Amino acid sequence: MTIAVTGATGHLGRLVVEALLDKGTPAGDIVAVVRTPAKAADLADKGVEIRQAEYGDRAALESAFAGVDKLLLVSGSEVGQRVAQHTNVIDAAKTAGVGFVAYTSVLDAQNSPIGLAVEHRATEDRLTQSGIDFALLRNGWYWENYLGSIPAAAETGALFGSAGTGVVAAAARKDYAEAAAAVLLADGQAGKVYELGGDERLTYSELAEVISSVLGKPVSYKDLPQAEYAAVLEGAGLPAPIASMLADSDAGVAVGALDTGSGDLQKLIGRNSTRAAAVLAVSTY
């Protein structure tokens with residue numbers, strides 16, 4: 001059985017390939033689909049087959065998927081272009097005869113109020129229409145998403161956000177990668193929908209306490225109106241669309257859009273999810 005992973009040199013995709021190898025998958029049965037093969041040299045050294053294709057290149061994708069039985073479609077990073085890109089991947093997979101696709105979506109994509117869910121929702125719809133067997137890996141937030149907040153917290157003593165008293169059920173990126181590998185290696189996954197989130201479910205005030213323990217200095221949560229928080233992010237150097245997206249996602253936290261108690265992640269990986277402190281305890285800060 002040949003398993004392909006798109007975006008295999010990205011943060012999540014690379015971890016999925018490593019998880020497949022750790023679970024005993026022969027390296028020769030894994031195809032890493034990448035934009036820049038040179039960045040996958042370490043994977044090639046392990047025996048993983050490297051094939052070059054970008055999400056926007058339908059012909060290259062079809063070639064990359066030749067002989068593939070199962071495919072993990074890691075959602076693209078180019079917000080605003082992902083529906084067209086993902087459609088290319090799905091159509092190419094169908095043409096190439098791929099039998100099963102797992103897709104990294106977002107929690108409760110069909111009902112989520114956050115802006116990021118729009119493209120995920122459309123991609124899920126494309127998969128439904130494709131006729132290919134598929135499973136949905138609806139990932140929650142990564143604790144790594146908060147690493148960028150630590151320098152400001154160290155300087156100001158505050159964690160800024162717009163999450164109110166909402167709860168985020170985040171986990172480590174590695175947890176989600178292990179879950180994806182488990183689904184790719186299991187039988188009978190067609191039609192499965194996994195709502196994936198950590199069992200450490202924190203408000204931002206609680207998250208500030210974790211950051212405080214990591215830094216060894218007091219950090220408190222400062223809740224801001226969504227527009228004001230977006231302005232703060234822009235002031236910190238983020239492009240306006242990214243700042244707006246992050247502030248919108250925080251507003252989603254406030255209404256429970258990034259919380260789940262499903263237990264799906266824990267069942268797939270066979271353990272509790274990684275705690276925030278373990279991810280955020282970065283020695284450089």
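The following dialogue examines selected features of a predicted model.

Visitor: Why is Arg-51 called buried?

Guide: Buried means under 20% relative accessible area. Arg-51 has a relative accessibility of 18%, so it counts as buried. This residue is found in strand β3, residues 49-52.

Visitor: What makes the link between the side chains of Arg-51 and Glu-49 a polar contact?

Guide: A polar contact requires a pair of N or O atoms within 3.5 Å, one able to donate a hydrogen and the other to accept it. The side chains of Arg-51 and Glu-49 make such a contact at 2.9 Å. The side chain of Arg-51 also reaches the backbone oxygen of Ala-66, at 2.8 Å.

Visitor: Which residues is Arg-51 in contact with, leaving aside its neighbours within four places in sequence?

Guide: Among them are Val-31, Ala-32, Val-33 and Val-34, and also Ser-63, Ala-64 and Phe-65. Val-33 lies 18 residues from Arg-51 along the chain, and their C-alpha atoms are separated by 5.0 Å.

Visitor: Which residues of α10 are buried, and what covers them?

Guide: The buried residues are Ala-243, Ala-247, Ser-249, Asp-250, Gly-252 and Val-253. Their cover includes β7 (158-161), β8 (167-168), α8 (204-215) and α9 (226-235).

Visitor: What is the span of helix α4, and what follows this helix?

Guide: Helix α4, residues 82-96, has 15 residues and reaches 21 Å from its first C-alpha to its last, close to the 21 Å expected. Gly-97 follows α4 and has a positive phi, near 85°. Buried residues of α4 include Arg-82, His-86, Val-89, Ala-92 and Ala-93. The elements covering the buried residues of α4 include α3 (58-64), β4 (70-73), β5 (100-106) and α5 (117-130).

Visitor: Which residues have the most contacts inside the largest nonpolar core?

Guide: They are Val-16, Phe-65 and Leu-72, in a core of 59 residues. Helix α7, residues 173-185, supplies the largest share of this core, 8 residues. A second, separate core has 31 residues, including Ile-114, Tyr-146, Leu-202 and Leu-207.

Visitor: What is Phe-65 in contact with, beyond its neighbours within four places in sequence?

Guide: The contacts of Phe-65 include Arg-51 and Val-33, together with Val-89, Ala-92, Ala-93 and Ala-96.

Definitions and conventions:
Residues are numbered from 1 along each chain as its sequence is written. This is a predicted model: local features need pLDDT of at least 70, side-chain atom pairs count only at pLDDT 80 or more; totals for chains, interfaces and linings use all residues. Side-chain values use heavy atoms; hydrogens and water are left out. Helices (H or I, at least four residues) and strands (E, at least two) are DSSP runs, numbered from the N terminus. The expected span of a helix is 1.5 Å times one less than its number of residues. Buried means under 20% relative accessible area, exposed over 50%, partly exposed in between (1.4 Å probe, protein chains only). Contact means heavy atoms within 4.5 Å. A nonpolar core is a set of buried Ala, Val, Leu, Ile, Met, Phe, Trp, Tyr and Cys residues joined through side-chain atoms within 4.5 Å.
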